[in-house]
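Hi there,

Here is the structure I promised to pass on to you. Have a look at it first, and then read on for what turned up.

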Amino acid sequence: MPAPANRRLGFPVSKLNWPFSRDAALNVVKAEGAHLFTATGQAVLDAAGGAVVANVGHGRQRVVDALAKATADTTYVVPPWVTPGRQAMVEVLERDWLPEGITRMHITSGGSEAAEAAVKLAFMHHAARGDLGRRKILSRDISYHGATLMTTAISGHWARRQGLEQALPDHPKAPTAHPLRCPLGTHHPQAGDHYVAAMAEVIEREGPQSIAALIVEPITGASGGAIVPPEDYWPKVRDLCDEHGILLIFDEVMTGFGRTGLPFGHQHWPVAPDLLVGGKGMAGGYAPLGGVFATEAIGTAIDAAGYNVMYHTYGAHPGACAAAAEVLSIMAEENLVERARQLGDRLATRLKEAFSNHPHVAESRGRGLLQGIEIVADRGTLAPFPKTDQIAARVVQAALGRGVFFYAGGTGEFRDAILLGPPFIVTENEIDTMAEVLREAVDEVVGC
């Protein structure tokens with residue numbers, strides 16, 4: 001199915017010695033609303049919100065002004081001290097965002113740092129209670145938790161472990177709950193029990209007393225393409241963790257702060273974390289920021305032991321915190337979380353209309369404005385295309401040629417997912433365009 005000629009745009013790429021891998025880099029000089037603009041003025045609809053970061057849209061002057069003022073007034077202040085921007089951010093977090101029972105916060109300069117800090121807090125919590133045998137972090141086999149050495153080790157992301165395996169500590173991984181690919185059958189009614197039992201087997205094999213925490217994404221992000229688990233899965237996982245004294249860490253760097261149509265992704269289920277990791281939408285892309293949020297029980301134990309929760313130099317940067325205070329306030333004032341839910345329903349409908357009978361798309365899925373499709377060689381058997389075909393990357397390029405940017409997902413072993421995570425301020429027409437262009441791009445690459 002050929003695309004209209006006016007959708008086939010040629011985008012200039014930067015000739016700088018950048019990035020490290022020397023890949024061609026799109027030359028973006030401006031971003032506004034839901035669009036990026038190249039050096040020659042060509043517009044790109046940002047259907048991915050960058051790396052699923054932008055939520056209030058690009059170029060909000062209110063946020064820019066707050067960031068500029070905070071940077072001018074308090075260029076750098078060590079992270080534990082209070083600044084106006086930090087105080088404003090904490091107040092809006094406590095008033096509008098953090099779940100009940102979450103009372104402690106440690107602010108970082110990004111999601112990887114926050115996930116690593118959550119792991120450190122889990123170890124420190126157990127050590128404070130005299131339990132030094134819990135040295136493992138359990139995660140899942142389709143997952144991504146960050147780019148530090150530790151978060152790479154606990155991530156189930158084959159492609160991002162390449163060249164590092166010899167240096168990575170070994171941590172156990174349970175199967176990710178993937179209803180489409182459940183061994184009992186696609187979307188089997190007992191899929192939740194199956195995956196909980198599989199996790200229990202891993203825990204027993206490793207030894208429950210050796211596991212400090214389970215770190216999981218409530219809805220699997222780019223590594224899996226918005227995989228939503230069975231409805232009974234998370235409450236049973238919570239029970240399993242409680243049974244064995246394992247802390248539950250929800251990594252909501254991608255799913256948090258309204259992305260799935262609720263403040264946090266785990267709130268789609270009756271379940272609460274011990275530690276909650278945030279980033280990306282926390283400051284909406286205006287500045288690097290992340291955070292780990294904990295229950296009072298965890299904070300009290302660490303305090304009583306006299307342990308030092310160390311910060312990174314640029315954690316809780318004054319300007320970044322001021323930007324976050326404005327982003328989080330805008331989302332509350334403009335009811336953008338509910339808008340993400342409503343537009344997410346429209347996007348889900350449009351994707352189903354586009355791909356429900358496509359021979360090379362296994363399914364579309366997601367919650368709110370975190371949606372994805374999974375591309376396969378054979379819809380009946382769910383067999384993937386060969387790795388060397390690089391289907392997801394080629395679909396992204398085909399769509400970019402039509403003026404829309406999507407995010408390529410997968411882990412290498414699990415592959416060819418396309419993720420959508422647009423700003424919450426997109427229009428209904430732009431939502432429709434995303435689904436239409438994605439269908440055209442898929443058809444161009446794999447046929448229809």
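Predicted model: local features only at pLDDT ≥ 70, side-chain atom pairs only at ≥ 80, totals over all residues.

Lys 280 has another point worth a look. It lies in the loop between E11 and E12, and its phi is near 40 degrees, a positive value in a residue that is not glycine. Most residues other than glycine have a negative phi. Gln 390 is another such case, with a positive phi near 50 degrees; you will find Gln 390 in the loop between E14 and H11.

The loop that holds Lys 280 also holds Leu 289, between strand E11 (275–278) and strand E12 (290–295). Leu 289 has 4% relative accessibility, so this residue counts as buried.

Now for the whole protein. There are 12 helices and 17 strands in its secondary structure. The radius of gyration is 21 Å, close to the 22 Å that the globule rule gives for 448 residues, so the protein is as compact as a globular protein of that length. Its C-alpha trace spans about 65 × 60 × 40 Å along the principal axes. Of the 448 residues, 56% count as buried. The protein exposes about 18,200 Å², and 54% of that comes from carbon and sulfur atoms. Take the contacts between residues at least 6 apart in sequence: 73% of these join residues at least 24 apart.

Next, a sheet to find on your screen. Four strands make an open sheet in the order E13-E14-E17-E16, with antiparallel pairing. Strand E13 (361–367) and strand E16 (407–410) are at the edges with a single partner strand each, so one side of each has no neighbour in the sheet. From one strand to the next, the twist averages 25 degrees.

You can walk across this sheet pair by pair. E13 pairs with strand E14 (residues 370–375) over six bridges, and here Ser 364 has Ile 373 in E14 as its bridge partner. E14 is in turn joined to E17 by four bridges, where Ile 373 stands opposite Ile 418. Four bridges also pair E16 with E17 in the antiparallel sense, and Gly 410 stands opposite Arg 415 in E17. The hairpin of E16 and E17 has four residues between the strands, and Gly 412 takes a positive phi near 100 degrees there.

How many residues of E17 are buried? Six of the six are, so E17 is largely enclosed by the rest of the structure.

Another open sheet also has four strands, in the order E3-E4-E5-E15, and its pairing is mixed. Its edge strands are strand E3 (28–32) and strand E15 (404–405), each of which pairs on one side only. E3 and strand E4 (residues 35–38) run antiparallel and are joined by four bridges; Ala 31 has Leu 36 in E4 as its bridge partner. Helix H12 (residues 428–446) lies across E4, strand E5 (43–46) and E15, and runs at about 95 degrees to E5.

Finally, the inside of the protein. Which residues touch the most other members of the largest nonpolar core? They are Phe 406 and Leu 438, in a core of 96 residues. Setting aside its neighbours within four places in sequence, Leu 438 is in contact with Leu 351, Phe 355, Ile 373, Val 395, Phe 406, Ile 418 and Leu 420. Apart from this core lies another one, of 23 residues, including Ala 212, Val 253, Val 277 and Ile 298.

Enjoy exploring!

Best wishes

How values were computed. Residues numbered from 1 in each chain as written. Heavy atoms only, no water. Pairing = 2+ DSSP bridges. Helix = DSSP H or I, 4+ residues; strand = E, 2+ residues; numbered from the N terminus. Axes fitted to C-alpha atoms, helices over the stretch in contact; angles between N-to-C directions. Rg over C-alpha atoms; globule rule 2.2 N^0.38 Å. Buried < 20%, exposed > 50% of the residue type's maximum accessible area, 1.4 Å probe, protein only. Contact = heavy atoms within 4.5 Å. Areas by Shrake-Rupley, 256 points an atom, 1.4 Å probe, with all protein chains shown as cover. Core = buried A, V, L, I, M, F, W, Y, C linked by side-chain atoms within 4.5 Å.
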